Amino acid sequence: MSERSKPTVSVAAGKGGTGKTLFATSLAVALSEIHPGQVQLIDCDVEEPNADILLHPQITQHTPVNVLVPQVDLDICTRCGLCAKHCQFSAIAVIRDAVITFPDLCAACGVCAYVCPVGAITEVNRQVGSVAHGSTVRGIEFVQGRLSVGDQRATPVTRATGSCNDDSMITILDAPPGTACPMQETIEFSDYCILVTEPTPFGLANLEDSVETCRRMGIPCGVVINRDQAGRPGVEDYCTREGIDVLLHIPEDREIAEAYARGETLADAFPQWHDELVRVYEDVIRSLSQTATAKVEE
Amino acid sequence: MNGVVKQLTVISGKGGTGKTTVLASFAALAEDKVMADCDVDAANLHLVLTPTVVESGDFYGAQIAVRDAKLCQQSGECERYCRFDAITTTDIDELACEGCGMCVVACPNGALRLETVSCGQWYLSETDYGPMAHARLSPAAESSGRLVTMVRQKAEDTAAERGLALVLIDGAPGIGCTAAAALADVDMALVVTEPTLSGIHDMERVVELSGHFGVPVTVLINKADLNAENTRRIRDYCVENQFELLGELPYDESVTEAMAHQVPLVEYRDGPVTEGIRQAWSRLSQMLSA
């Protein structure tokens, strides 16, 4: 993060349905009030993108996301089978006279074309998703990736979406659930990761994995406890033990759940949350600058 | 039983709709079954069914490039051809490496090779409700789709060995490789959804994915009283697409309490939700044996 650029904050959750998108969009709305025209929300949950449902953006442009897949010229191909032998993903097979490709399994690494001794393989584009660009009435710049249904390669779409990150803006990244490749691809773009969880055994178990992933990737993280209830101290205790900041508690509240069901953010439905959401962002900035100072002193 | 093992995947598109809660209750209600937790990226079924592991092993789903520094002549070919920015003449970024082997074929000095790495563990366990196959993907690891396929295979093998009639699969959220691997070639997909706009959107995408695999779909609405209009939309959607609506469960706090007590909801407390789940299972088992 250079001195002039503004930080990028990702919002992730090991367990799905803990309120990640609700929090990310609410944070963007609250920040856009005090930093008008300077907030960008990027929805990187390309398998199930939902941020548009809460932010109602006007989409002005769609960019296709393509990956390379092999195309074999059967007139040139000698059926030597070297491509199939070297492909680590079983995405190309030579069976007698036929050469079969499995685009869903292809990693677009280019090994098949590289090893082909007669140059029979060219790599061609295949669309696996798209990125939508637009803005909301509040002036939030909106970016959203969408994986085509039936295509399984979320990672290239996530990468294309996350790379729309504008350094001159305050960027909030809405990450996909889990801790596998698409989540890692997303939080890699960020300076800080906010982990949204709920105080249940499921929430805690998945939070522990998320924290471990952030630590392995060297990304500082803090926790938002959603649907918080008295008498469920598990997540709080874990954070205390591990020295992780609990940034915000959002109570278990049927009214919040109902607002979400209608497609409203916390900031829109309950203006009293504005200051708290802005405060969370300021806490994150403070934590980042302290880490930066500590690093300089080292 | 006609000797054919049926497979049911419980899936949702959106996370947190109650998929695992429903599946854990089915585990308590169904007979002659094996459970497979295929949400390997955020596995939770074991927290309810408290399995005792009887067999386990490393899952070698991925490969990474390894360099023999003695042979490396710093040609830089690896870096030039790697499409994932995973390798330089001095470093290999294990998280970025896809294990494709491009650097291996590009290296003029044979200094690089692929090695398989463990990216998780698979388990075959016993629970009070029957055998269960599950796994743990190492945090920050990849290849979750392949691990799902492996968990399913373990469950199918167990069903075949013990003459069980049913594999109950807990699927992952989303529509990517993990969700797809849990849906491929099953006999039926139960989509657990909720009457939120996101829930509906995500349901539609996972239903489309099921169609992609030719898997018949049935729908269960959880937290159905949260928004009457959205619940109506889901009902209409089922009618339009000729999916049987299996039932509607009300919003209920005791669901999380049961989770905290580590028992399937139907064994924890009787009420409208458990009654709904019982009815859903009774209908679903008819549909599966039809």
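This tour goes through a predicted model, selection by selection.

**Conventions.** Residues are numbered from 1 along each chain as its sequence is written, chains are lettered from A and ligands numbered from 1 in the order in which they are written. Because the model is predicted, local features need pLDDT of at least 70 and side-chain atom pairs count only at pLDDT 80 or more, while totals for chains, interfaces and linings use all residues.

Select chain A. Its C-alpha trace spans about 70 × 45 × 45 Å along the principal axes. The chain has 11 helices and 11 strands; helices (H or I, at least four residues) and strands (E, at least two) are DSSP runs, numbered from the N terminus. Of its 298 residues, 51% count as buried. A residue is buried if 20 or more other C-beta atoms lie within 10 Å of its own, exposed if 12 or fewer, and partly exposed in between, with C-beta atoms placed from the backbone. Two residues are in contact if their C-beta atoms, placed from the backbone, lie within 7 Å. Among the contacts in chain A with a separation of 6 or more, 74% join residues 24 or more positions apart.

**Domains.** Colour chain A by domain: domain 1 is 8-56 + 137-297 and domain 2 is 67-127. Their C-alpha centres lie 40 Å apart. In chain B, domain 1 is 6-59 + 120-289 and domain 2 is 62-117, and the C-alpha centres of these two domains lie 40 Å apart. The bounds come from an automatic or database domain assignment.

**Helix α5 of chain A.** Select residues 154-162 of chain A. Eight of the nine residues of this helix are buried, so it is largely enclosed by the rest of the structure. The buried residues include A154(A), V157(A), A160(A) and G162(A). Now show what covers them: β2 (39-43), β3 (58-72), β6 (121-135), β7 (141-147), β8 (170-174) and α6 (181-187) of chain A are included.

**I172(A).** Move to strand β8 of chain A, where I172(A) lies. I172(A) counts as buried because it has 26 C-beta neighbours inside 10 Å. Leaving aside neighbours within four places in sequence, I172(A) is in contact with V9(A), V11(A), A24(A), L27(A), A28(A) and L41(A).

**Nonpolar core.** A nonpolar core is a set of buried Ala, Val, Leu, Ile, Met, Phe, Trp, Tyr and Cys residues joined through C-beta atoms within 7 Å. The largest one has 184 residues, and V151(B) and L168(B) have the most contacts inside it. Helix α1 (residues 20-34) of chain A gives the most to this core, with eight residues. Select V151(B): not counting residues up to four places away in sequence, the residues V151(B) touches include A36(B), V40(B), W122(B) and H134(B).

**Chain B against chain A.** Select the residues of each chain that contact the other: 49 residues of chain B are in contact with 48 residues of chain A. On the chain B side, the elements giving two or more residues are α4 (102-106), α5 (144-162), α6 (177-183), α7 (197-212) and α9 (254-260). The largest share, eight residues, comes from α7(B).
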